[in-house]
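Reader: I have a model open and some questions about it. Can we go through it piece by piece?

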Amino acid sequence: SHAKEILHCLKEKYFRELQDLEVDGQKVEMPQSLSWYPEELAWHTNLSRKILRKSPQLEKFHQFLVSETECGNISRQEAVSMIPPLLLNVDPHHKILDMCAAPGSKTAQLIEMLHADMSVPFPKGFVIANDVDNKRCYLLVHQAKRLNSPCIMVVNHDASSIPNLQIDVDGRKEVLFYDRILCDVPCSGDGTMRKNIDVWKKWTTQNSLQLHGLQLRIATRGVEQLAEGGRMVYSTCSLNPIENEAVIASLLEKSQGALELADVSTELPGLKRMPGITKWKVMLKDGQWFEEWKDVPSNRQTQIRPTMFPIKDEEKLKAMNLERCLRILPHHQNTGGFFVAVLIKKSPMPWNKRQPKVHQKLPQRTGDTKVTAANSDNGSECVAEEPTLAENEESKKMQELQNSDTEQSKKEGVCGPPPSKKMKLFGFKEDPFVFLPEDDPLFLPIQKFYALDPSFPKMNLLTRTQEGKKRQLYMVSKELRNVLLNNSEKMKVINTGIKVWSRNSDGEQFGCAFRLAQEGIYTLYPFIHARIINVCIEDVKILLTQENPFLSKFSSETQKKVKDMAMGSIVLKYDPDPEKPDDLQCPIVLCGWQGKTSLRAFVPKNERLHYLRMMGVEVFKAKRKEEESESKTAEEVQHGLAQTEEGMDVEDKEHDLVTKMEAEIGEESSHSPVESSAMEVENKIEDLDQSSKNANSHVNQESSDTDTSNVKD
């Protein structure tokens with residue numbers, strides 16, 4: 001509902017103001033919606049970064065884009081990279097793996113699809129977003145955090161050997177197979193040549209020859225973890241067949257009919273595309289061309305592999321339907337170049353003996369041997385599609401060693417970092433994920449104070465500290481809790497959960513030491529039955545524009561409701577009135593605090609600006625006054641950035657966007673009087689100083705105690 005309001009606001013206000021506008025003597029082109037993206041939810045503008053940042057006439061529009069991006073309501077992304085998530089056909093109950101997820105724009109699309117129905121706080125599905133680069137994982141966290149979902153987990157593994165996870169199904173261990181997998185592999189990026197100057201300087205045919213093997217390994221690992229009937233989308237921003245059709249053809253060949261290419265010609269109408277190709281040659285760096293593997297001299301056979309060549313057998317080739325792949329060429333609709341293939345898994349991979357179907361019970365496949373509870377881990381391990389037997393044996397031994405420890409920690413609900421030393425050689429050592437015990441005394445006052453519904457899933461509450469005071473409470477979905485508890489020893493989790501409560505020492509005297517957190521309010525709201533105040537639109541405007549307004553400023557109805565309520569954390573709810581179509585037409589839930597004589601909202605600055613914009617309040621001028629002095633220096637910094645950044649690859653340089661947002665809005669949002677996270681940010685900085693001493697490269701780490709996250713090189 002918020003997306004529809006933003007779209008309305010864009011069309012009716014911001015786009016209208018761009019009409020007939022001239023910048024540097026040139027008429028500004030109106031933004032256009034992408035015809036193939038559903039419900040007009042994607043738009044394209046020809047304005048360059050430099051013009052958007054520097055021209056005073058566009059300042060208002062620019063500020064709108066930056067602020068809404070920080071809130072998670074808008075994402076800036078290369079148009080073609082929006083395609084893979086759309087072709088996955090995600091439903092809210094799907095278990096999804098994003099194998100090479102950073103910087104996270106596609107992950108954000110997947111999370112959005114899980115929450116298609118806003119009235120369901122916990123969809124049954126989830127997204128596990130993985131990236132091999134520890135630093136880029138924090139960028140991924142930053143992107144995903146904006147969407148405030150309890151159904152996302154960020155993990156740090158090599159995608160080509162991402163471990164098999166297990167889940168508990170009715171007391172039995174089963175291997176987790178994913179319904180949908182996004183496999184957007186590392187590539188040479190030659191499709192980005194229009195915007196990425198580097199490609200012209202550094203491109204050689206060697207790039208693709210070096211990446212082909214890795215791409216094939218990642219894609220193979222993906223299809224191994226796909227459930228039968230599941231869908232995997234393989235994509236690259238390259239047009240080289242060695243990275244594209246060669247990988248798909250090789251995968252199809254070794255799957256021996258277990259995989260097929262889906263025909264997606266009727267999906268995304270309006271998208272201009274070319275069919276996949278079936279014939280190509282392989283070229284070495286020195287310009288030598290080869291048509292077949294047998295022509296390759298033995299001294300070149302390490303650089304060129306048999307899987308790089310097209311299939312010669314015409315019948316086999318025809319059965320593969322390689323023409324079902326999508327090739328998107330830059331000049332067809334003014335985009336980057338892109339390749340997409342949609343694979344469907346019809347049966348287990350041939351090198352994997354027995355694999356359960358998506359919803360099949362496991363004991364049926366162990367007819368020949370009885371699996372005791374003690375080694376049930378291994379029982380399901382042998383089903384998992386491991387590339388080699390040796391690895392399998394090794395993992396069995398490892399698991400037997402860890403079994404006794406992990407059973408103990410599982411009982412305590414602790415999901416610590418993996419014990420293996422190798423894991424600790426890179427990146428930060430993450431805090432553990434500790435689930436709240438059933439009888440934790442911490443929860444009773446919270447339950448009583450907010451009159452939580454009996455159906456509230458308190459088992460899904462977690463903290464990031466084992467000892468000392470619990471400062472923040474986070475929440476994950478039931479399904480992610482299952483994944484966390486059963487895989488803590490084999491998975492490096494960077495972040496998961498959405499903050500729902502924060503400790504507030506003032507609250508203790510009123511009966512509850514925890515105040516509600518705005519990030520998690522839409523997840524929590526359906527379970528709260530007390531301390532809710534329904535407010536009218538005028539009250540919402542007062543709450544969002546004034547720092548600590550007196551009760552006398554609010555409507556008489558609101559004053560009456562507040563009168564009988566104890567001081568402390570409250571929920572402020574606005575419901576749209578269908579009889580007043582000019583008013584805001586989407587519901588709003590805000591966290592607030594009721595004092596003796598005042599009522600205030602605890603909402604981050606950008607979110608406040610977002611709601612005010614949606615209500616038609618002009619926030620532009622007010623914002624300029626309060627940050628005029630700051631903005632001059634920020635704009636000077638931006639000018640330097642704009643010149644070096646012009647023409648960079650948006651996907652690869654996403655951290656520049658984060659840096660940009662910090663320069664422009666990060667500062668006010670952390671010092672804003674209505675934002676309660678200033679203390680947390682200070683604590684975070686202290687934590688960081690400590691951890692930087694142990695790290696060679698300094699990265700601002702997103703963790704439990706912060707509302708804002710920065711990523712620095």
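Author: Start with a term: rings of Phe, Tyr and Trp (its six-membered ring) pair if their centres lie within 6.5 Å, and planes under 30 degrees apart count as stacked, over 60 as edge-to-face and the rest as tilted. With that, Phe 122, Phe 443, Phe 449, Tyr 450, Phe 456, Trp 501 and Phe 527 form one aromatic cluster.

Reader: Fine. What kind of model is this, and what are the conventions?

Author: This is a predicted model, where local features need pLDDT of at least 70, side-chain atom pairs count only at pLDDT 80 or more, and totals for chains, interfaces and linings use all residues. Residues are numbered from 1 along each chain as its sequence is written, and side-chain values use heavy atoms, with hydrogens and water left out.

Reader: How many aromatic pairs are there in the whole structure?

Author: The search finds 13. In one of them, Tyr 234 and Phe 339 sit edge-to-face, 6.4 Å centre to centre with 75° between the planes.

Reader: Which strands hold Tyr 234 and Phe 339?

Author: Tyr 234 is in β11 (residues 226-236) and Phe 339 in β17 (residues 338-345), so the pair ties together parts 105 residues apart in sequence. Strands (E, at least two residues) and helices (H or I, at least four) are DSSP runs, numbered from the N terminus.

Reader: Are Tyr 234 and Phe 339 buried or exposed?

Author: Tyr 234 is buried at 0% relative accessible area, and Phe 339 is also buried at 0%. Buried means under 20% relative accessible area, exposed over 50%, and partly exposed in between (1.4 Å probe, protein chains only).

Reader: And the rings of Phe 449 and Tyr 450, how are they arranged?

Author: Their centres are 5.0 Å apart and the planes stand at 90°, so this pair is edge-to-face. Phe 449 and Tyr 450 are both buried.

Reader: Change of topic. Where does UniProt place the "active site"?

Author: The unreviewed UniProt entry puts that feature at Cys 237. Such annotations may be inferred rather than shown by experiment; feature names are shortened and positions follow the numbering used here. Cys 237 is in the loop between β11 and α9 (245-255) and is partly exposed, at 22% relative accessibility.

Reader: What does Cys 237 touch?

Author: Leaving aside residues up to four places away in sequence, Cys 237 touches Cys 187, Gly 189, Asp 190, Gly 191, Thr 192, Gly 337 and Phe 338. Contact means heavy atoms within 4.5 Å.

Reader: Which residues carry the "binding site" feature?

Author: The unreviewed UniProt entry lists several, including Gly 104, Ser 105, Lys 106 and Asp 131. Gly 104 lies in the loop between β5 (95-98) and α5 (105-114) and is buried at 2%. Beyond residues up to four places away in sequence, Gly 104 touches Leu 140 and Gln 143. Ser 105 is in helix α5 and counts as buried at 3% relative accessibility.

Reader: How many residues of α5 are buried?

Author: 9 of its 10, so by the under 20% cut-off α5 is mostly covered. Among them are Lys 106, Thr 107 and Leu 114.

Reader: Last one. At what angle do helices α17 and α19 cross?

Author: Roughly 145°, with the axes of α17 (residues 537-545) and α19 (residues 605-614) coming within 10 Å. Axes are lines fitted to C-alpha atoms, for helices over the stretch in contact, and angles run from 0 to 180 degrees between N-to-C directions. Lys 541, Leu 544 and Thr 545 of α17 meet Arg 608, Tyr 611 and Leu 612 of α19.
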